[in-house]
There are 2 protein chains.
Amino acid sequence: MTEHTVIFDGVKKPVRVPTGTLLIEAAHLAGVDIGQPCGGQGRCGRCAVQITQGTVRRRSSLRLSPEDVAQGFALACQSVIEGDITVTVPPQEKIERRLTTDRTAIEVSVPTDYDPSFSQSIRRISLLLNPPRMDDQTDDWSRLRTALRQKTGVEDIQISLNLLKKMGAVLRENNWQITVITDARIELDGSRSDERLVAIIPDLVPEDDPVYGLAIDIGTTTVTVWLVDLITGKVEAQASEYNGQISRGEDVISRIIFSSKNGGQEELQNRVLDTINQLIAQVSKRAHAKPQDIVKATVAGNSTMTHLFLGIPASSIRLSPFITAVNQPPLITAGTIGLGINPEATIDCLPGVASYVGADITAGVLACRMDETEKLSLFLDVGTNGETVLGSREWLVTCACSAGPAFEGAGVLNGMRATKGAIEECWIAGANSEHPYEPTYRVIGKSKPRGICGSGLISLLAEMFLTGVVDKGGMINLSLVGSTPRVREGEHGPEYVVAWGSETESGQEISISNVDIDNLKRAKAAIYAGFTVLAQSVGVPLEMVEQILIGGSFGKYINVEKAVQIGLLPDMPWDRFKFLGNTSVQGAYLALLDWRYRDRVKDIASQMTYIELSADNTFFDAFMSAMFLPHTDINSFPSVTAAVENKSVT
Amino acid sequence: MTEHTVIFDGVKKPVRVPTGTLLIEAAHLAGVDIGQPCGGQGRCGRCAVQITQGTVRRRSSLRLSPEDVAQGFALACQSVIEGDITVTVPPQEKIERRLTTDRTAIEVSVPTDYDPSFSQSIRRISLLLNPPRMDDQTDDWSRLRTALRQKTGVEDIQISLNLLKKMGAVLRENNWQITVITDARIELDGSRSDERLVAIIPDLVPEDDPVYGLAIDIGTTTVTVWLVDLITGKVEAQASEYNGQISRGEDVISRIIFSSKNGGQEELQNRVLDTINQLIAQVSKRAHAKPQDIVKATVAGNSTMTHLFLGIPASSIRLSPFITAVNQPPLITAGTIGLGINPEATIDCLPGVASYVGADITAGVLACRMDETEKLSLFLDVGTNGETVLGSREWLVTCACSAGPAFEGAGVLNGMRATKGAIEECWIAGANSEHPYEPTYRVIGKSKPRGICGSGLISLLAEMFLTGVVDKGGMINLSLVGSTPRVREGEHGPEYVVAWGSETESGQEISISNVDIDNLKRAKAAIYAGFTVLAQSVGVPLEMVEQILIGGSFGKYINVEKAVQIGLLPDMPWDRFKFLGNTSVQGAYLALLDWRYRDRVKDIASQMTYIELSADNTFFDAFMSAMFLPHTDINSFPSVTAAVENKSVT
């Protein structure tokens, strides 16, 4: 088979590949890491590279302008190598890559109404064993069990082969004076069963020495880890980091597609494990804890994240009728999958409800106490999957609506995540100004803007709507061309320029096009349609909802007024909205500390009725009605009508 | 540090090693496999090599004659490299190495009085699942569990992460028609608990298709595997092979020493696993079974073999007060240690009693039905460890006596295992012959002799004693020098020549020296002292023993008459002796098939009273008394007195 030479700028050694190889694979061979946020589907345009010598066959050039193509730009995931080439990976890609390792600085709140008399499954027991003698030749393991039984009454306890291998030396190291850590299942009556040895320490450890656990939230975008002292319940350290899987797909569907490719399953598992292990190293260092002393971990994530974390194929989640392999994963030990804590530590992945309502939502319901309150409540996780729960302590219904990642900055040409350089809030001058279409904006981290993040997009779209830059269908008003240079026909159709090249970090203009707005509309329409259909399905008028609990780290940045103005949130008194931050990690934390909470998550998962929105046309109709700004039924948004009257230029 | 070049004849690439490196380590580096039957203690002389250029510093030259040393011979495990050398690994070592991969042809008998209405823990269940639909989105694992519950009533069942990873694809492969195999713990009342999924097969398997298990005996010398149809109880195939650990030590003590060295633990575990996996491949091929269909394995071995098989350090077994890490190892799955069958298969290592009375003995007691009989019985496992059990269904006492490997051909200069070329039986002409000191012998495999195996050594020693070649102290009668060329002063002291160089395969003479006889005497004295002290400790005269049950594959080759004549077995009517063959694998087979037998092994292990022989001087005194031929107390051996009178020359 014919082979070709591929040279990547800045990489010393050219690679040789056979005819027909995808450019992205050649990059992989050469050790060049090109992000594929859409999972290699040719959708996102983020893997664009420039061919400076030779040519490639382009299967698709979506997201590239004819000028881009003329300049040699090509999508690495869609370009077939059929001759020798030289490739430059452009700076924007390098920025994109760097982004995925940026630290996020999300502050998360620890539940404060937490009952400190918790029922912890981990316990630590000091034991003085009688050393063996010629007339007492009991084997080591029986000797340990006897001492444990005498001290605690535990009749039976399991030990792993790995711990058994180390036991003999540890028993002898400190002259048969040891401390053991055990874990167990706690029954509803508080009794312990399935007792299991987790650690043998060659020392008599003081009672108040800490022993640690982890609460882990695996988000599609962000992973959060809390290091918890299991004796006091105190959160000793917390850290967050982008999920290392991002460069292989920005939403769960892209990840599932990537995971179905050769080696994809393993790669995604390793990527999220790497992220978590880095976070564990951070929190351990900060709290001066040894990873070996972390003996338990509770994990909440959406169903896809949980499957990928455990290495379980998630392909059936993507295909009709959308089935998970498992909603209540079995307990495993950390060593089984290579989590960087005590290898005997139990990893408890909390239970989910369905393919698109996972453990992050059951944990969220636990954390927001929705299952305990008499108030009719709506819990929204405003993220890629747009999960919604409606109910109270009497009943709970839930759905998910596939909002897409637009609010997280993906699927929008100048979109980005909420890190340094992101426009997070935006204002357009409006009727009373001399220059009514001129914007001002606020940027995260006091730097020049690099793009627009989710809250910035909500804010921008609301302002564009209020000032008439877009109509209620979301189309940019081309009659303004001539009145303002901000509105024009751009490369990708009609667009509004938010920042001129002279203002931005890269020197490139930051604008928003009809295509981008369409993606944003789809996201907000899906979420709105989700909770309205959910309410409708149980015959509850939306106005009856007494509190709207908004979870997800994204939830903290939403400006309620703007979100209502675009029709993402319902038009209700603002005091009904509560922003709770990362409810997923909060729920994991509660379940980690107390088996009564752990049992409640299970109850929540089994009691929640899952409504599959694609089962009939109801959702689709509601979705189409919500594709307007703020909504086809403008009467549902009285506050918006007033705002438009106030600010509209025309 | 200074480095030297070491060239091994026949190995292309010389190795470079620092001053002070042991020659055996250099050989290891060069990929030259030199056996170390004594574990590198310089005791056995089997690692002798010839230095043809340069010199080494010899820490010890035990087993080497001054002539050997003059010719450059050196023990690889005792030679320190201090300059450039060239080394020849002599042919006898190559023979020794080849021996360890010879097949043994041991016939083993399947228990015939076996109850066919057995209580098997493995069961296979065909299931027709309802495929998921949009209005039935139960997760795969819950769907499977529900179908299983409906068919069998099993409320709870566990699944491993690995099986969970494969489950989704298997369920869909044959349109939700599957067969599952489950394993469980069977309680005394016959009920099942801890039900666990072992396999999911994408097919409706016919009821009478076989499903397999393995009964495995891990002997210090020989490993035996039976492939068993778990539904019919039939042994479909059996195979035996030398334990691959032999080249790293011939007795358990040498193995433990080797395992304590860097990497030794892993190497010994891998070696025995390699042996077992080869045997599994053999029996599977012969029975046309897929290793994947082998879903359970029961293992019997002495305590050291069990520890090394599981990778558990055995060092405390060797050191006073001689403690095992574990007598009842936990159940593990095959995948955990890399046994080549279904990775989810349970591996059940049967329980032992003490460091030197392991599961091979409890399995042996089970197989010989000693715990069921009213007859006072003596069970002997005539092997390296010389385990003995005395008792009946009322009580059982046991001891082990460290006989050493002399009867297995080790520790004797011309000793070898019972394979082709071994002298297995020997006669000396005696009083009525013209040439009273001339021997005749029988060789295994109709070839020229290469050495003498255990039964040959017993036979030879008995004949030498009867004819007066050795006295009752076991010393060769040097007054015969001159009367016969067979008796002479040799390189290693007084010796008797069994075969002249012209008769043997190698052209080297085969003889036996005072040193060899001393090792044989120690072995037989230890075994004899073991059972006499055991009988004494419970106040039972030996004559009261109604049956002597002899287990171990070695037991099949002993000529009772000769064994009595050297004082290895007590002088009793021959009809009291029963040779049972490999009782260890027979016991493993019973426990594999039937949980009632499995429970009995546990009872046997917990009811057996272990007598530690080194606890006082009783054993030592008995041992010293038994160091004569046949014994200090000749009155205990009336049949021997008669035989001596009949055959003695003087």
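**Aromatic pairs in a predicted model**

Reply: Ring pairs link A:Tyr528, A:Phe531 and A:Phe637 into a cluster. Keep in mind that this is a predicted model.

Me: How are the rings of A:Tyr528 and A:Phe531 arranged?

Reply: Their centres are 5.0 Å apart and their planes sit at 65 degrees, so the pair is edge-to-face. The cut-off for that is over 60 degrees.

Me: Where do A:Tyr528 and A:Phe531 lie?

Reply: Both are in helix 13 (residues 514-537) of chain A. They are three residues apart, about one turn of the helix.

Me: Is A:Phe531 buried or exposed?

Reply: A:Phe531 is buried, at 0% relative accessibility. A:Tyr528 is buried too, with a relative accessible area of 7%.

Me: How many aromatic pairs are there over all chains?

Reply: Ten, from a search of the whole structure. One of them joins A:Phe322 and A:Tyr356, edge-to-face, with 6.3 Å centre to centre and 65 degrees between the planes.

Me: Which parts does that pair tie together?

Reply: Two loops of chain A. A:Phe322 is in the loop between helix 9 (315-318) and strand 15 (332-333), and A:Tyr356 is in the loop between strand 16 (346-349) and helix 11 (359-368), so the pair ties together parts 34 residues apart in sequence.

Me: Why does A:Phe322 count as buried?

Reply: Because its relative accessibility is 18%, and buried means under 20%. A:Tyr356 is buried as well, with a relative accessible area of 18%.

Me: New topic. What lies over the face of A:Trp176?

Reply: A:Arg143, at 5.9 Å from the ring centre. In chain B, B:Arg143 lies over the face of B:Trp176, at 5.9 Å from the ring centre.

Technical notes:
Residues are numbered from 1 along each chain as its sequence is written. Chains are lettered from A and ligands numbered from 1 in the order in which they are written. This is a predicted model: local features need pLDDT of at least 70, side-chain atom pairs count only at pLDDT 80 or more; totals for chains, interfaces and linings use all residues. Side-chain values use heavy atoms; hydrogens and water are left out. Rings of Phe, Tyr and Trp (its six-membered ring) pair if their centres lie within 6.5 Å; planes under 30 degrees apart count as stacked, over 60 as edge-to-face and the rest as tilted. Helices (H or I, at least four residues) and strands (E, at least two) are DSSP runs, numbered from the N terminus. Buried means under 20% relative accessible area, exposed over 50%, partly exposed in between (1.4 Å probe, protein chains only). A charge sits over a ring if NZ of Lys or CZ of Arg is within 6 Å of the ring centre and within 35 degrees of the ring normal.
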